[in-house]
Amino acid sequence: MKIFNTYIIPRLSYERAEGLGELISNHIAKPSFIGIDSVRLLSTAKFVDKLQRAFNLTFTTGIPSKRFFTQFDFYTRPSVMNRTKLSDNVTLLIYHSTASNDEARSHKMRLDSRAFLELHGLNQYHANGEQVELNAKTLEMLNFIFQNKKQAKLLNFDFAFDYREQAQICYDYALEKAPFIAEIPNTRPSHQRFKTCLYIQKAQIKDGYQAPLTPLIQNIKLYNKQEKNKLETPLTRLEFCFLVS
């Protein structure tokens, strides 16, 4: 919860923080572990350069698969993605896309003046089931990013509710842990990855964008973390992508 309390809460409006607290406390079954696993921000290209110099980052560049973006993100697919590892578990991603281009146009700036920045793997586990502590480089980078509010705008974050139990990855299990999901209209539960992962999101897609489930939640994901990360003990993750505004 340190990342949530230190970096996320200060970026939320009072109403949104209150609504999120109510949801977590009263409408989702108490997990064995809880924490922020990913954050997504819209940043300036100048800030990306500043970040790269400050941490002496070396990126590998590749073309992401279409599946990654239609399932995990609500932004249109970029043509190129830069990535680097901060540790065995934490990955930094930086990319441009149609959405970042649109943001640049709205400010009458060069198209490459805006970029998306993502950190993934912030809430992970060792094979024996113990939580992985973030290394000094990752913590320093989090401080660096979140101290620059004007140059790196937080868009959304993945909040993980981890249950130390073996479970069938299905819609009924998601409802067992968060019954309010049944009240969200026009949802589309769908299995991916050989039925080891269930996505709950809006059925409609317009202009490349996935409509959010609610004003607070972009989408929900349920998956077998033991299988995904080859853990020795059972662990099932219910993950909410929460919107900042």
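This is a predicted model: local features need pLDDT of at least 70, side-chain atom pairs count only at pLDDT 80 or more; totals for chains, interfaces and linings use all residues.

Reader: What does the side chain of Lys177 meet?

Author: Lys177 and Glu176 meet in a salt bridge, at 3.9 Å from N to O. Glu176 is exposed, with a relative accessible area of 52%.

Reader: How many salt bridges does a search of the whole structure find?

Author: Eight. One of them joins Arg40 and Glu118, with the closest N and O atoms 3.9 Å apart. Arg40 lies in strand S1 and Glu118 in strand S5, so this pair ties together parts that are 78 residues apart in sequence. Arg40 and Glu118 are both buried.

Reader: Which residues are linked in a network of salt bridges?

Author: Asp37, Asp162, Lys221, Arg237 and Glu239. Within it, Glu239 and Arg237 form a salt bridge, the closest N and O atoms being 3.6 Å apart. Both Glu239 and Arg237 are buried.

Reader: How do I read the faces of a strand?

Author: In a regular strand, side chains alternate between the two faces of the sheet. Now take strand S12, residues 236-243. On one side are Thr236, Leu238, Phe240 and Phe242. On the other are Arg237, Glu239, Cys241 and Leu243. Both sets are buried, so both faces of S12 are covered.

Reader: Which strands pair with S12?

Author: Strand S6 (residues 152-163) runs antiparallel to S12, joined by eight bridges. Here Asp162 stands opposite Arg237. Strand S11 (residues 217-224) also pairs with S12 in the antiparallel sense, over seven bridges. Lys221 stands opposite Glu239.

Reader: Now a helix. Which residues of H3 are buried?

Author: In helix H3 (residues 45-55), they are Phe47, Val48, Leu51 and Phe55. They cover an arc of only 105 degrees around the axis, which means they sit on the same side of H3. Lys46 and Arg53 are exposed on the other side.

Reader: What covers the buried residues of H3?

Author: The cover includes strands S1, S4, S5 and S6, and helix H6. After H3 comes Asn56, with a positive phi near 50 degrees.

How values were computed
Residues are numbered from 1 along each chain as its sequence is written. Side-chain values use heavy atoms; hydrogens and water are left out. Buried means under 20% relative accessible area, exposed over 50%, partly exposed in between (1.4 Å probe, protein chains only). Helices (H or I, at least four residues) and strands (E, at least two) are DSSP runs, numbered from the N terminus. Two strands pair if DSSP finds at least two bridges between them. The arc is that of the directions from the helix axis to the C-beta atoms. Contact means heavy atoms within 4.5 Å. A salt bridge is a side-chain nitrogen of Lys or Arg within 4 Å of a carboxyl oxygen of Asp or Glu.
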